[in-house]
2 protein chains.
Amino acid sequence: MKKQERQRYIKRLLSSNEIERQEDFVRLLSAENIEVTQATISRDIKDMQLVKVPSVTGGYHYSMPVQKQMDTEKKLKRTLKDAYVSYATQDKLVLIKVLPGNGPALAALLESMHYDEVFGTLGDDANVLIICKSLAMTLELQQKIQRLLSDN
Amino acid sequence: MKKQERQRYIKRLLSSNEIERQEDFVRLLSAENIEVTQATISRDIKDMQLVKVPSVTGGYHYSMPVQKQMDTEKKLKRTLKDAYVSYATQDKLVLIKVLPGNGPALAALLESMHYDEVFGTLGDDANVLIICKSLAMTLELQQKIQRLLSDN
DNA sequence: TCCGGACTTTCATATTTATGCAATTTGGCT
DNA sequence: AGCCAAATTGCATAAATATGAAAGTCCGGA
């Protein structure tokens, strides 16, 4: 898929760079050999529901829609706390055992968070396997999950 | 102050109406006999850090910066849970007793949530008095506070 | 009261963003 | 492969938003 890959890049750009205009996306993507016009970016932004936030420093920058983010994070937290059984790590893998029936739901929620660290997620009835992109990222993800579990 | 009052109105409009363009603000404010141009609205939006959110239904609408909102809500929740002592209501008043020293902080946090129900907030060393706009709104506010206290 | 400076607003316009439409690409399905 | 429908994109431009500069407003102090 072309569009989705591009939108992945866009998401990545969001977290790293400070993006003030849609043309910035065009430039930055072009630097990664992805050539699109501002029109397409405008549509991507609509798709992804990104917002242009007036920043404290007086400028503007594009950002993830925190509303959604918080909503799913809340659900994720609840599900995780409800269904959590145990937890193990090996290499770039994180395996979460959950109460029977909760695997798919939890996997879907994790998916929808679009964590940068995650290569893929996979849920069966009582397990969720998260495949990270690197060892370092595995650690980071672990911490995130810890936080979700402990955080009130 | 003229500007601040206008921004109050803007905040109010946000919660009620579905506002798609800055010109909508101009029209709605004009309906309340506040005459300004789009340029001013643009600056207000920058001031207030409002964002134009692509909505699921395919359009756009202006909204509060949820990031901030969530951040202060978190702080509010923590403070409230930490310092809370007791709670009473009479007419349009809600009185929260807190541990000595926490009144002003809690009052400030409540202020910064800009709840629609609230006419004013007032904190001394160990008390916060919230004055609501109506009896109905007092009930609503009470529920919000209950939720903050019980919600994990 | 009158002045000066800090804010605020408007006007005009530059800049940025969204979108209709035609062209192109994609993904089945036979 | 070859065709169709649906999805995606670019182009051109409309629509919306941001902003410099001039004009107006609001205080506080001489």
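Student: Let's start at Arg6(A): buried or exposed?

Tutor: Arg6(A) is buried, with a relative accessible area of 12%. Buried means under 20% relative accessible area, exposed over 50%, partly exposed in between, using a 1.4 Å probe on protein chains only.

Student: Before we go on, what are the ground rules here?

Tutor: This is a predicted model, where local features need pLDDT of at least 70, side-chain atom pairs count only at pLDDT 80 or more, and totals for chains, interfaces and linings use all residues. Residues are numbered from 1 along each chain as written, chains are lettered from A and ligands numbered from 1 in written order, and side-chain values use heavy atoms, without hydrogens or water.

Student: OK. Where is Arg6(A) found?

Tutor: In helix H1 of chain A, residues 2–16. Helices (H or I, at least four residues) and strands (E, at least two) are DSSP runs, numbered from the N terminus.

Student: And which residues does Arg6(A) touch?

Tutor: Leu29(A), Ile34(A), Val36(A), Thr40(A) and Asp44(A), leaving out residues up to four places away in sequence. Contact means heavy atoms within 4.5 Å.

Student: Which element gives the most to the surface near DNA strand D?

Tutor: H3(B), with five residues.

Student: Now strand C. How many residues surround it?

Tutor: 19 residues surround DNA strand C, and the closest are Arg21(A), Gln22(A), Arg43(A), Arg6(B) and Thr40(B). A polar side-chain atom of Lys46(A) lies 2.9 Å from a phosphate oxygen. Glu35(B) uses a backbone N or O atom, 3.3 Å from a phosphate oxygen. Arg43(B) has a polar side-chain atom 3.1 Å from a base oxygen.

Student: And which element gives the most to the surface near DNA strand C?

Tutor: H3(A), with five residues.

Student: Switching topic. What does strand E6 of chain A pair with?

Tutor: Five bridges join E6(A), residues 127–132, to strand E4(A), residues 93–98, in antiparallel fashion. E6(A) also pairs with strand E5(A), residues 118–123, antiparallel over five bridges. Strands pair if DSSP finds at least two bridges between them.

Student: Which residue is the bridge partner of Lys97(A)?

Tutor: Asn127(A) in E6(A). A hairpin through three residues joins E5(A) to E6(A).

Student: Last one: which residues are buried in helix H5 of chain B?

Tutor: In H5(B), residues 103–113, they are Gly103(B), Leu106(B), Ala107(B), Leu109(B), Leu110(B) and Met113(B). Down the axis of H5(B), the buried residues fall within an arc of 160 degrees, so they line one face of the helix. The arc is that of the directions from the helix axis to the C-beta atoms.

Technical notes. A residue is near a molecule or strand if one of its heavy atoms lies within 4 Å of it. A polar contact is a pair of N or O atoms within 3.5 Å; within protein, one must be able to donate a hydrogen and the other to accept it, and residues adjacent in sequence count only if both atoms are side-chain atoms.
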